[in-house]
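Work through the exercises below with the model open beside you. Try each task before reading its solution.

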Amino acid sequence: MRETAFRLDHYLEIEPGYYDQVYRRGRGVQWFWHHHRLARVEAKIPADCRSLLDLGCGPGTFLGNLSRPIERALGIDLAEPQIAYAREHYSRKGFEFQVADVRDAALEGGFDTVVSIEVIEHLPPEQVGGFLRDAYTVLRPGGHLILTTPNAKSHWPLLEWLVSQIGPVDYRQQHLGLFDRKGLVRAVADAGFLSVACETFFVAAPFLAPLSKAFASAVLRFERRVLPALGAEILLVARRPE
(Lines give C-alpha, C1' and ligand atoms only; values in the text may rest on other atoms or scores of the structure.)
Protein backbone atom coordinates (compact mmCIF):
# COMPACT_ATOMS: atom_id res chain seq x y z
CA MET A 1 0.00 0.00 0.00
CA ARG A 2 1.39 3.40 -1.00
CA GLU A 3 2.09 6.02 1.62
CA THR A 4 -1.20 7.73 2.29
CA ALA A 5 -1.78 11.44 1.96
CA PHE A 6 -5.01 11.35 3.95
CA ARG A 7 -4.92 13.38 7.14
CA LEU A 8 -4.88 10.16 9.10
CA ASP A 9 -4.02 11.75 12.41
CA HIS A 10 -7.36 13.51 12.42
CA TYR A 11 -9.40 10.78 10.76
CA LEU A 12 -8.24 8.08 13.13
CA GLU A 13 -9.10 10.23 16.13
CA ILE A 14 -12.80 10.03 15.26
CA GLU A 15 -14.56 7.77 17.74
CA PRO A 16 -15.42 4.35 16.25
CA GLY A 17 -19.05 4.40 15.18
CA TYR A 18 -19.40 8.16 15.73
CA TYR A 19 -21.35 8.78 12.52
CA ASP A 20 -23.40 5.63 13.00
CA GLN A 21 -24.46 6.85 16.42
CA VAL A 22 -25.44 10.17 14.86
CA TYR A 23 -27.54 8.27 12.33
CA ARG A 24 -29.24 6.24 15.04
CA ARG A 25 -30.01 9.30 17.15
CA GLY A 26 -33.19 10.07 15.23
CA ARG A 27 -33.21 13.80 15.86
CA GLY A 28 -31.26 17.00 15.36
CA VAL A 29 -29.45 18.74 12.51
CA GLN A 30 -26.62 16.25 12.21
CA TRP A 31 -28.99 13.26 12.21
CA PHE A 32 -31.15 14.85 9.51
CA TRP A 33 -28.07 15.52 7.40
CA HIS A 34 -26.77 11.95 7.57
CA HIS A 35 -30.16 10.27 7.33
CA HIS A 36 -31.28 12.13 4.21
CA ARG A 37 -27.89 11.98 2.53
CA LEU A 38 -27.87 8.19 2.77
CA ALA A 39 -31.51 8.03 1.67
CA ARG A 40 -30.72 10.07 -1.45
CA VAL A 41 -27.84 7.77 -2.32
CA GLU A 42 -29.94 4.65 -1.85
CA ALA A 43 -32.68 6.13 -4.02
CA LYS A 44 -30.20 6.34 -6.91
CA ILE A 45 -29.19 2.66 -6.80
CA PRO A 46 -30.56 0.98 -9.95
CA ALA A 47 -33.42 -1.45 -9.40
CA ASP A 48 -31.44 -4.36 -10.86
CA CYS A 49 -28.40 -3.87 -8.59
CA ARG A 50 -27.36 -7.10 -6.87
CA SER A 51 -23.76 -6.30 -5.87
CA LEU A 52 -22.58 -3.11 -4.21
CA LEU A 53 -19.19 -1.71 -3.19
CA ASP A 54 -18.95 1.12 -0.64
CA LEU A 55 -15.59 2.92 -0.96
CA GLY A 56 -14.78 4.56 2.37
CA CYS A 57 -17.61 2.91 4.30
CA GLY A 58 -16.65 4.19 7.77
CA PRO A 59 -18.66 2.36 10.45
CA GLY A 60 -20.84 0.61 7.85
CA THR A 61 -23.94 2.74 8.29
CA PHE A 62 -24.95 2.94 4.65
CA LEU A 63 -24.68 -0.77 3.86
CA GLY A 64 -26.04 -1.78 7.23
CA ASN A 65 -29.25 0.21 6.83
CA LEU A 66 -30.14 -0.50 3.22
CA SER A 67 -33.86 -1.03 2.88
CA ARG A 68 -33.58 -2.99 -0.38
CA PRO A 69 -32.22 -6.49 -1.03
CA ILE A 70 -28.56 -6.74 -2.07
CA GLU A 71 -26.98 -10.15 -2.59
CA ARG A 72 -23.35 -9.08 -2.20
CA ALA A 73 -22.03 -5.98 -0.45
CA LEU A 74 -18.49 -4.98 0.42
CA GLY A 75 -17.45 -1.96 2.46
CA ILE A 76 -13.81 -0.87 2.69
CA ASP A 77 -12.20 1.80 4.84
CA LEU A 78 -8.66 2.52 5.98
CA ALA A 79 -9.63 3.01 9.64
CA GLU A 80 -9.43 -0.34 11.40
CA PRO A 81 -11.54 0.80 14.41
CA GLN A 82 -14.37 1.85 12.09
CA ILE A 83 -14.25 -1.48 10.24
CA ALA A 84 -14.26 -3.35 13.56
CA TYR A 85 -17.40 -1.42 14.50
CA ALA A 86 -19.01 -2.19 11.12
CA ARG A 87 -18.26 -5.90 11.49
CA GLU A 88 -19.73 -5.99 14.98
CA HIS A 89 -22.93 -4.18 14.08
CA TYR A 90 -23.61 -4.85 10.41
CA SER A 91 -21.95 -8.05 9.18
CA ARG A 92 -24.40 -10.61 7.82
CA LYS A 93 -24.61 -13.11 5.00
CA GLY A 94 -23.27 -11.53 1.84
CA PHE A 95 -22.09 -8.37 3.63
CA GLU A 96 -18.37 -7.95 4.30
CA PHE A 97 -16.18 -5.15 5.63
CA GLN A 98 -12.43 -4.90 4.99
CA VAL A 99 -9.62 -2.60 6.10
CA ALA A 100 -8.14 -1.14 2.91
CA ASP A 101 -7.04 2.15 1.39
CA VAL A 102 -9.69 3.08 -1.18
CA ARG A 103 -6.94 4.12 -3.61
CA ASP A 104 -4.95 0.95 -3.33
CA ALA A 105 -7.26 -1.95 -2.59
CA ALA A 106 -6.88 -5.11 -4.68
CA LEU A 107 -10.57 -5.67 -5.39
CA GLU A 108 -12.40 -8.11 -7.59
CA GLY A 109 -14.35 -6.41 -10.33
CA GLY A 110 -17.86 -6.91 -11.56
CA PHE A 111 -19.82 -4.80 -9.06
CA ASP A 112 -23.18 -3.50 -10.27
CA THR A 113 -22.82 -0.27 -8.29
CA VAL A 114 -20.04 1.58 -6.51
CA VAL A 115 -20.92 4.23 -3.94
CA SER A 116 -18.51 6.73 -2.43
CA ILE A 117 -20.04 8.94 0.23
CA GLU A 118 -17.96 11.94 1.35
CA VAL A 119 -14.59 10.46 0.34
CA ILE A 120 -13.30 12.28 -2.72
CA GLU A 121 -12.80 15.58 -0.87
CA HIS A 122 -10.29 13.83 1.41
CA LEU A 123 -7.99 13.01 -1.51
CA PRO A 124 -5.13 15.19 -2.75
CA PRO A 125 -6.17 16.66 -6.13
CA GLU A 126 -3.49 14.69 -7.98
CA GLN A 127 -5.01 11.40 -6.75
CA VAL A 128 -8.63 12.07 -7.69
CA GLY A 129 -8.26 10.81 -11.26
CA GLY A 130 -6.70 7.53 -10.13
CA PHE A 131 -9.42 7.02 -7.53
CA LEU A 132 -12.16 7.48 -10.12
CA ARG A 133 -10.42 5.20 -12.62
CA ASP A 134 -10.16 2.54 -9.91
CA ALA A 135 -13.91 2.84 -9.32
CA TYR A 136 -14.43 2.46 -13.08
CA THR A 137 -12.30 -0.69 -13.12
CA VAL A 138 -14.22 -2.54 -10.40
CA LEU A 139 -17.60 -1.85 -12.01
CA ARG A 140 -19.09 -4.24 -14.51
CA PRO A 141 -19.77 -2.75 -17.96
CA GLY A 142 -22.96 -0.74 -17.59
CA GLY A 143 -22.49 -0.44 -13.83
CA HIS A 144 -23.09 2.80 -11.94
CA LEU A 145 -21.01 5.09 -9.75
CA ILE A 146 -22.84 7.14 -7.11
CA LEU A 147 -20.92 9.63 -5.03
CA THR A 148 -21.51 12.61 -2.78
CA THR A 149 -19.21 15.44 -1.77
CA PRO A 150 -19.57 18.97 -0.38
CA ASN A 151 -20.42 21.70 -2.88
CA ALA A 152 -17.70 24.37 -3.01
CA LYS A 153 -20.09 26.83 -4.67
CA SER A 154 -22.60 26.89 -1.84
CA HIS A 155 -22.72 27.84 1.80
CA TRP A 156 -20.75 24.68 2.64
CA PRO A 157 -17.37 26.45 3.23
CA LEU A 158 -19.03 28.61 5.91
CA LEU A 159 -20.72 25.56 7.44
CA GLU A 160 -17.43 23.67 7.40
CA TRP A 161 -15.72 26.48 9.31
CA LEU A 162 -18.57 26.75 11.82
CA VAL A 163 -18.92 23.01 12.47
CA SER A 164 -15.16 22.67 12.81
CA GLN A 165 -15.25 25.35 15.51
CA ILE A 166 -18.00 23.85 17.63
CA GLY A 167 -17.98 20.11 16.84
CA PRO A 168 -15.68 17.16 17.58
CA VAL A 169 -14.39 16.89 13.99
CA ASP A 170 -12.27 19.56 12.28
CA TYR A 171 -13.26 19.20 8.64
CA ARG A 172 -10.75 21.85 7.58
CA GLN A 173 -7.98 19.43 8.54
CA GLN A 174 -9.57 16.53 6.65
CA HIS A 175 -10.75 18.09 3.40
CA LEU A 176 -7.93 18.44 0.88
CA GLY A 177 -10.03 19.61 -2.04
CA LEU A 178 -13.63 20.70 -2.62
CA PHE A 179 -15.56 20.43 -5.88
CA ASP A 180 -18.30 22.34 -7.60
CA ARG A 181 -20.70 20.54 -9.92
CA LYS A 182 -18.89 21.35 -13.15
CA GLY A 183 -15.51 20.31 -11.79
CA LEU A 184 -16.85 17.03 -10.42
CA VAL A 185 -18.66 16.18 -13.65
CA ARG A 186 -15.50 16.91 -15.62
CA ALA A 187 -13.35 14.70 -13.36
CA VAL A 188 -15.77 11.78 -13.62
CA ALA A 189 -16.10 12.14 -17.40
CA ASP A 190 -12.30 12.24 -17.73
CA ALA A 191 -12.18 8.87 -15.94
CA GLY A 192 -14.30 7.35 -18.71
CA PHE A 193 -17.82 7.49 -17.26
CA LEU A 194 -20.90 8.35 -19.33
CA SER A 195 -24.39 9.63 -18.53
CA VAL A 196 -23.07 11.84 -15.77
CA ALA A 197 -25.92 13.49 -13.85
CA CYS A 198 -25.45 15.87 -10.97
CA GLU A 199 -27.77 17.47 -8.41
CA THR A 200 -27.42 19.19 -5.07
CA PHE A 201 -29.35 19.10 -1.81
CA PHE A 202 -29.41 20.75 1.65
CA VAL A 203 -29.86 24.51 1.78
CA ALA A 204 -31.81 25.31 4.95
CA ALA A 205 -33.77 22.10 5.58
CA PRO A 206 -31.38 20.36 8.04
CA PHE A 207 -31.41 23.35 10.35
CA LEU A 208 -35.20 23.11 10.70
CA ALA A 209 -35.09 19.51 11.90
CA PRO A 210 -34.93 20.39 15.64
CA LEU A 211 -38.24 22.24 15.22
CA SER A 212 -40.03 19.58 13.14
CA LYS A 213 -38.67 16.61 11.21
CA ALA A 214 -41.74 16.57 8.98
CA PHE A 215 -41.45 20.27 8.16
CA ALA A 216 -37.72 19.95 7.51
CA SER A 217 -38.38 17.05 5.12
CA ALA A 218 -41.00 19.09 3.27
CA VAL A 219 -38.56 21.99 2.94
CA LEU A 220 -35.92 19.58 1.63
CA ARG A 221 -38.28 18.47 -1.14
CA PHE A 222 -39.03 22.10 -1.97
CA GLU A 223 -35.33 22.98 -2.10
CA ARG A 224 -34.57 20.19 -4.57
CA ARG A 225 -37.27 21.51 -6.93
CA VAL A 226 -36.65 25.24 -6.60
CA LEU A 227 -32.96 25.54 -5.67
CA PRO A 228 -31.37 22.68 -7.62
CA ALA A 229 -27.86 24.20 -7.76
CA LEU A 230 -27.49 25.78 -4.33
CA GLY A 231 -27.36 22.77 -2.01
CA ALA A 232 -24.39 22.20 0.27
CA GLU A 233 -23.98 18.62 -0.99
CA ILE A 234 -23.44 17.31 -4.52
CA LEU A 235 -24.90 13.98 -5.56
CA LEU A 236 -23.49 12.53 -8.79
CA VAL A 237 -24.54 9.43 -10.73
CA ALA A 238 -22.53 8.10 -13.67
CA ARG A 239 -22.35 4.92 -15.72
CA ARG A 240 -19.52 2.81 -17.05
CA PRO A 241 -20.04 2.19 -20.77
CA GLU A 242 -21.30 -1.24 -21.84
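Angles under 35 degrees count as roughly parallel, over 145 as roughly antiparallel, 65 to 115 as roughly perpendicular, and the rest as oblique. Axes are lines fitted to C-alpha atoms, for helices over the stretch in contact, with angles running from 0 to 180 degrees between N-to-C directions. Helices (H or I, at least four residues) and strands (E, at least two) are DSSP runs, numbered from the N terminus.

The model is predicted: local features need pLDDT of at least 70 and side-chain atom pairs count only at pLDDT 80 or more, while totals for chains, interfaces and linings use all residues. Residues are numbered from 1 along each chain as its sequence is written, and side-chain values use heavy atoms, with hydrogens and water left out.

**Exercise 1. Describe how helix 3 and helix 10 pack.**

Step 1. Two packed helices are described by the angle between their axes and the distance between the axes.

Step 2. The axes of helix 3 and helix 10 come within 12 Å. They cross at roughly 50 degrees.

Step 3. Helix 3 and helix 10 are therefore oblique to each other.

Step 4. Next comes the hand. A crossing is left-handed if the near helix is turned anticlockwise from the far one by less than a right angle, and right-handed if clockwise. Helix 3 passes helix 10 in a right-handed crossing.

Step 5. Find the contacts (heavy atoms within 4.5 Å). Helix 3 brings Trp31, Phe32, His36 and Arg40. Helix 10 meets them with Lys213, Ala216, Ser217, Leu220 and Arg224.

**Exercise 2. Find the buried residues of helix 2 and what they pack against.**

Step 1. Set the cut-offs. Buried means under 20% relative accessible area, exposed over 50%, partly exposed in between (1.4 Å probe, protein chains only).

Step 2. Helix 2 covers residues 18–25, and its buried residues are Tyr18, Asp20, Val22 and Tyr23.

Step 3. These buried residues pack against helix 3, helix 4 and helix 5.

Step 4. Take helix 5. The axes of helix 2 and helix 5 come within 10 Å and cross at roughly 40 degrees. That makes helix 2 oblique to helix 5. Asp20, Gln21 and Arg24 of helix 2 make the contact with Tyr85, His89 and Tyr90 of helix 5.

Step 5. Look just past the end of helix 2. Gly26 has a positive phi of about 80 degrees there.

**Exercise 3. Which residues touch the most other members of the largest nonpolar core?**

Step 1. A nonpolar core is a set of buried Ala, Val, Leu, Ile, Met, Phe, Trp, Tyr and Cys residues joined through side-chain atoms within 4.5 Å.

Step 2. The largest core has 35 residues, and Phe32, Leu52, Phe62, Leu63 and Leu66 touch the most other members.

Step 3. Helix 3 gives the most to this core, with five residues.

Step 4. Zoom in on Leu52. Residues up to four places away in sequence are not counted. Its contacts include Ile45, Phe62, Leu63, Leu66, Phe111 and Val115.

**Exercise 4. Is Phe97 buried or exposed, and what does Phe97 contact?**

Step 1. Phe97 lies in strand 3.

Step 2. Its relative accessible area is 2%, so Phe97 is buried.

Step 3. Leave aside neighbours within four places in sequence. Phe97 then contacts Cys57, Gly60, Leu63, Gly75, Ile83, Ala86, Arg87, Tyr90 and Ser91.

Step 4. Pick out Ile83. It sits 14 residues from Phe97 along the chain, yet their C-alpha atoms are separated by 6.2 Å.

**Exercise 5. How many salt bridges does a search of the whole structure find, and which parts does the Glu71 pair tie together?**

Step 1. A salt bridge is a side-chain nitrogen of Lys or Arg within 4 Å of a carboxyl oxygen of Asp or Glu. The search finds eight.

Step 2. In the Glu71 and Arg50 pair, the closest N and O atoms are 3.8 Å apart. Glu71 lies in the loop between helix 4 and strand 2, and Arg50 in the loop between helix 3 and strand 1, so the pair ties together parts 21 residues apart in sequence.

Step 3. Glu71 is exposed at 57% relative accessible area. Arg50 is partly exposed at 37%.

Step 4. Compare Arg140 and Asp112, whose closest N and O atoms are 2.6 Å apart. Arg140 is in strand 5 and Asp112 in strand 4, so this pair ties together parts 28 residues apart in sequence. Arg140 is partly exposed at 24%, whereas Asp112 is buried at 11%.
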